[in-house]
Amino acid sequence: MTDNKADKSIGRWRWLSVFGLFIATFFVRGSLVSLGILFVALNDYFNEGAGATSWVISISPALCLIIGPISSAFAKRYGYRKVVMTGGVLSFLSILISSFATNIWQLVVTIGIINGRRSVAATQIFRQIAPIMMNEPRQP
């Protein structure tokens, strides 16, 4: 009877972990999509055209698709936790450095490229962890 309780509790923790991965993915992807709200403010503050300002917003989602396989390879080699934690540190640094930006191209590098790398590290790894957790055999 205790084995049955242990199996149920492991199953609950797996589903709770998947729910946590969903919430984390929701916020990471939401932060990328919500950059469009800042478009007009960035245009006004830096006195740049729409084309230059749109690079800040559009390069991060593009990096999610381009760098995804590289992020997966890093995760397999160095471990999921290290890759996600590195992405978090990069995110913090990119937002901190971007607060001192004096022109739009500095934002392209800090928010677009560096913070885009963070989103790749997080979302790609989250997509890999959920199936691994659900397919892991239950221990007797």
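1. Helix H6 (residues 104-135) gives the most to the lining of the largest pocket, with four residues. Helices here are DSSP runs of H or I, at least four residues long, numbered from the N terminus. This is a predicted model, where local features need pLDDT of at least 70, side-chain atom pairs count only at pLDDT 80 or more, and totals for chains, interfaces and linings use all residues.

2. The pocket itself has a volume of about 190 Å³. On a 1 Å grid over the protein atoms alone, a pocket is an open set of points where a 1.4 Å probe fits, with protein on both sides within 12 Å along at least five of seven lines; lining residues have an atom within 4 Å of a point.

3. Of the 14 lining residues, Leu35, Leu38, Ile95, Ile111 and Asn115 lie nearest the centre. Helix H1 (2-33), helix H3 (50-66), H5 and H6 each supply two or more residues to this lining.

4. Now to the helix pair: H5 (residues 80-98) packs on H6 at about 155°, with axes 8 Å apart. Axes are lines fitted to C-alpha atoms over the stretch in contact, and angles run from 0 to 180 degrees between N-to-C directions. The two are therefore roughly antiparallel (over 145 degrees).

5. Contact means heavy atoms within 4.5 Å. Among the residues that meet are Val84, Gly87, Ser91 and Ile95 in H5, and Ile111, Ile114, Asn115 and Arg118 in H6. The contact residues divide into 13 nonpolar, eight polar, Gly being counted here, and two charged.

6. Residues are numbered from 1 along each chain as its sequence is written, and side-chain values use heavy atoms, leaving out hydrogens and water.

Conventions. Parallel < 35°, antiparallel > 145°, perpendicular 65-115°, else oblique. Points joined across faces, edges and corners; volume = space filled by probe spheres on them.
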